[in-house]
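This report looks at a protein–DNA surface and a metal site. The structure comes first.

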Number of protein chains: 2
Amino acid sequence: MTLSEEDYIKAIYHLGKGENTTVSTNAVAEQMETKPSSVTDMVKKLSDKGVANYKPYKGVSLTEYGKKIALSLVRKHRLWEVFLVEKLNFSWDEVHEVAEQLEHIKSEKLIDQLDKHLGFPQVDPHGDPIPSKKGEFKKTIKKLLNEVPVGTSGICVGVKDSSPPFLKFLDKNKIALGDTILVHDKEEFDGSFDIKIKESTIHISNQIATNLYLKITE
Amino acid sequence: MTLSEEDYIKAIYHLGKGENTTVSTNAVAEQMETKPSSVTDMVKKLSDKGVANYKPYKGVSLTEYGKKIALSLVRKHRLWEVFLVEKLNFSWDEVHEVAEQLEHIKSEKLIDQLDKHLGFPQVDPHGDPIPSKKGEFKKTIKKLLNEVPVGTSGICVGVKDSSPPFLKFLDKNKIALGDTILVHDKEEFDGSFDIKIKESTIHISNQIATNLYLKITE
DNA sequence: ACAAATATTTAGATTTGTCTAAATATTATT
DNA sequence: AATAATATTTAGACAAATCTAAATATTTGT
Ligand SMILES: [Mn+2]
Ligand SMILES: [Mn+2]
Ligand SMILES: [Mn+2]
Ligand SMILES: [Mn+2]
């Protein structure tokens, strides 16, 4: 597959939410930041190659073969993102653009060894699951910290309240997007929590807990 | 620069031995495994872009700007090769093809951090020098082990005698291409050597020493 | 059910990088 | 110096990926 074909395959995969759902030409065009006419040309080609099912005016979906390719691309993209954060000190929001390029490097040994080098990570820095070599992975869901049972660990992926005071609080307490958080204990009396974040355990009020989103593996 | 333009720039650089030497259309075509007519088209474009000097029928050379680009590509290529060998357990002869792809990834932060992650290596797994961010590097030369002064360290890059018995000897003594060898001591009486290779010191006869090529930094 | 709005495809053009075959320039040989 | 051999460029074609403008199909609203 060419770089461009690969990016279209990923776009169809993501728009279809990982299922073999049919997606519209315009949706793909928007995702790819291109024109609908370009999409029509490309999906015809993908269809010819056995990667996608395409019926004029009826949208496009991935074949099983196409889905395999998509999963392998997602795997590569997310492993590279882990590498950039864990080994090269990239921050949460800098990795995507570079991973978008690295995912197209062709070498099976490269990606297998990278996986090993990183200790076979299960999720990327955004908390999204990394498919195995066979394309298997666990689903993840986004929940507020106060809604998950004690003992759960997840990745901090967002805030409900994005006011400056709250963001300042997070900064002062060294809580950042992309951090892994373990919900250590819950105080029934006031709904406050003890959480473990980067080796240290801190105490947060219920109000904080109801404004932090975690991505957890089911 | 596009991927293709970058590969042409590197080809002109290497054929010109790192100087701004003029190289012929056919030489570039052979190096790039393409046709001379394609080279003519491309060098015209590189000339328009201020990367190369081109006079019809007279060959092509890099401008100072072109040389800067070439050095940055060589830097990226060689850093990735070190990464593949040091971190991902690739062997000496597997790295080039993958580095040929990785060198085109666009991210200044990526390459700076990779350099740091690898401990600012001076040479790649083939013993070739890695240009600094500013494009500076030390020249290296290839010499037989018995010709270098005691105390010199270099990378094993080849053999003079490639007969099966010799190669078997190297294998048995765990001497492989790409290994760093320190010439520890020389016995004047019989011309034999003590060499340090991967933590352990071994003794080799003069006959072995006269058949091993080292690449050393001047 | 029909018109209007929206979505999608087709036609034709452009850029990049490549190729083959033919033309032209340079270099080597006698 | 003329001819032969070699090197290089030009002309014209093609595939990939994109675009704009026009044509056509589908969906929506009354
Ligand atoms: Mn990403
Ligand atoms: Mn991509
Ligand atoms: Mn190489
Ligand atoms: Mn390359």
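## The surface near DNA strand D

By class, seven nonpolar, 10 polar and five charged residues make up the surface near DNA strand D. Near means a heavy atom within 4 Å of the strand. Ala, Val, Leu, Ile, Met, Phe, Trp, Tyr, Cys and Pro count as nonpolar, Asp, Glu, Lys and Arg as charged, and the others, Gly among them, as polar.

In total, 22 residues surround DNA strand D. The closest are A:Thr2, A:Thr34, A:Lys45, B:Lys44 and B:Tyr54.

## Basis of the model

This is a predicted model: local features need pLDDT of at least 70, side-chain atom pairs count only at pLDDT 80 or more, and totals for chains, interfaces and linings use all residues. Residues are numbered from 1 along each chain as its sequence is written, chains are lettered from A and ligands numbered from 1 in the order in which they are written, and side-chain values use heavy atoms, with hydrogens and water left out.

The side chain of A:Ser37 places an N or O atom 3.1 Å from a base oxygen of DNA strand D. A polar side-chain atom of A:Ser38 lies 2.7 Å from a phosphate oxygen.

α3(A) gives the most to this surface, with five residues.

## The manganese site

A:Asp7 (OD), A:Glu100 (O), A:Glu100 (OE), A:Glu103 (OE) and A:His104 (NE2) coordinate the manganese ion (ligand 2), at 2.0 to 2.5 Å. Donors are N, O and S atoms within 2.8 Å of the metal (3.2 Å for Na, K and Ca); water is not among the atoms, so sites may look incomplete. Their spacing along the chain is D-x92-E-x2-E-H.

Terms used:
A polar contact is a pair of N or O atoms within 3.5 Å; within protein, one must be able to donate a hydrogen and the other to accept it, and residues adjacent in sequence count only if both atoms are side-chain atoms. Helices (H or I, at least four residues) and strands (E, at least two) are DSSP runs, numbered from the N terminus.
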